[in-house]
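Take a moment with the sequence and the model below.

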Amino acid sequence: SLGFKHVVTIEALRKAYPLLDMVDQSRRPKQLPPPTTGFPTIEGVILFGEPVRWETSLQLITDVLLSNGNPGEELQEVPYPHLPVLACNMDLLWMAEAKMPRFGHGTFLLCLENIYKKVTGRELKYEALIGKPSRITYLYAEYLIKEQAEKQGWKAPIRHLYAVGDNPMSDIYGANLYNNYLSAQENQVQAGVKRSPQATSPQTKDYLELRKDCNNSVESCESILVCTGVYRHNDSVPSKTEKYSTETVFHGHRDFCFDPSLVKASYIVQDVEEAVQLAFKKENWS
């Protein structure tokens, strides 16, 4: 549905090269399989979310990168730069039914990055990082919101966006990062030289192209942190004038600089309902 015509999944790769996945004894071939022929050369790796079998995905993705897309062959030298790697969903942790947060795709990426560096001595490089807290993701959200407004027949321009989330290092960080771009002078944005994380990333061109599709009516993107997920506030919920005390451990992705101001929410409320009511009040809809 995203337009890729020749997709190879980890499972298809494992079946084509059964000797690559050796951790689970029950899945190892009983007899030596014949050489694989006719399997396409892999041209890039796209990571959407954490897999079920981490050891299989970590091993096979590393095999693909080390073999330049031909995991059935052994190269004399490790190719570098390696094949393009694109990733989204960078949350280190997320909240489920358990009392403590669970590993997110950001944790899987952390494992892959460190394994690659340990094996090769070089840094794993991303062609692009998409999703929160990347600013292009918030720009796309703005684009969709305006599209919905047009379908509803709204004539008044949208001036303010509200981003509600429970994770300071993705939801809040991204919203504040986008707010910085909205408040910057237009010539700085279009030149792509606004100094903040990812300012010189390969996504700048895509960002500016998408920016052309959005009129410049939006003035701000305020972040609202809720206490029903990864972030939990043990005491009473602070008022909007209180400062949010950031954690000393950086839970963000390796390629995003740690700026304490970006994880400070504009508002901290108890849950999503309260966040929606807050937005209604600020827009004089209550």
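Leaving aside neighbours within four places in sequence, which residues is L65 in contact with? They are V45, P79, H82, L83, V85, Y116 and L124, where contact means heavy atoms within 4.5 Å. A word on the basis: this is a predicted model, in which local features need pLDDT of at least 70, side-chain atom pairs count only at pLDDT 80 or more, and totals for chains, interfaces and linings use all residues. Residues are numbered from 1 along each chain as its sequence is written, and side-chain values use heavy atoms, with hydrogens and water left out.

L65 belongs to the largest nonpolar core, which has 31 residues. L47 and L65 have the most contacts inside this core. Such a core is a set of buried Ala, Val, Leu, Ile, Met, Phe, Trp, Tyr and Cys residues joined through side-chain atoms within 4.5 Å. Buried means under 20% relative accessible area, exposed means over 50%, and partly exposed lies in between (1.4 Å probe, protein chains only). At least two residues of this core come from each of helix 1 (10-16), strand 1 (45-47), helix 2 (54-66), strand 2 (85-88), helix 3 (105-120) and helix 5. Helices (H or I, at least four residues) and strands (E, at least two) are DSSP runs, numbered from the N terminus. Helix 2 gives the largest share, 6 residues. Domain 1 (10-129) and domain 2 (135-283) both contribute, so the core lies between them; the bounds come from an automatic or database domain assignment. A second, separate core has 11 residues, including A149, A163, A175 and V218.

Stay with helix 2 for one more residue. T62 lies in this helix. T62 is buried, with a relative accessible area of 6%. Its side chain reaches the backbone oxygen of L58 at 2.7 Å. Not counting residues up to four places away in sequence, T62 touches L112 and I115. Compare another threonine. T37 lies in the loop between helix 1 and strand 1. At 70% relative accessibility, T37 counts as exposed. T37 and A16 are 21 residues apart in sequence and 8.9 Å apart in space, C-alpha to C-alpha.

Now turn to strand 7 (residues 220-226). Is this strand mostly covered or uncovered? It is mostly covered, with 7 of its 7 residues buried. In a regular strand the side chains alternate between the two faces of the sheet. In strand 7, S220, E222, I224 and V226 are buried on one side, and C221, S223 and L225 are buried on the other. Strand 7 pairs with strand 6 (residues 160-165) in the parallel sense over 6 bridges; pairing requires that DSSP finds at least two bridges between two strands. The bridge partner of L161 in strand 7 is C221. Strand 7 also runs parallel to strand 8 (residues 267-269), joined to it by 3 bridges. There, I224 stands opposite Y267.

Helix 5 (residues 168-183) is also well covered: 13 of its 16 residues are buried, so it is largely enclosed by the rest of the structure. At its start, a side-chain oxygen of N167 reaches to within 3.0 Å of the backbone nitrogen of M169.

Finally, the whole chain. The secondary structure comes to 8 helices and 8 strands. Buried residues make up 41% of the 286 residues.

Definitions and conventions. Polar contact = N/O pair within 3.5 Å; in protein donor to acceptor, adjacent residues only side chain to side chain.
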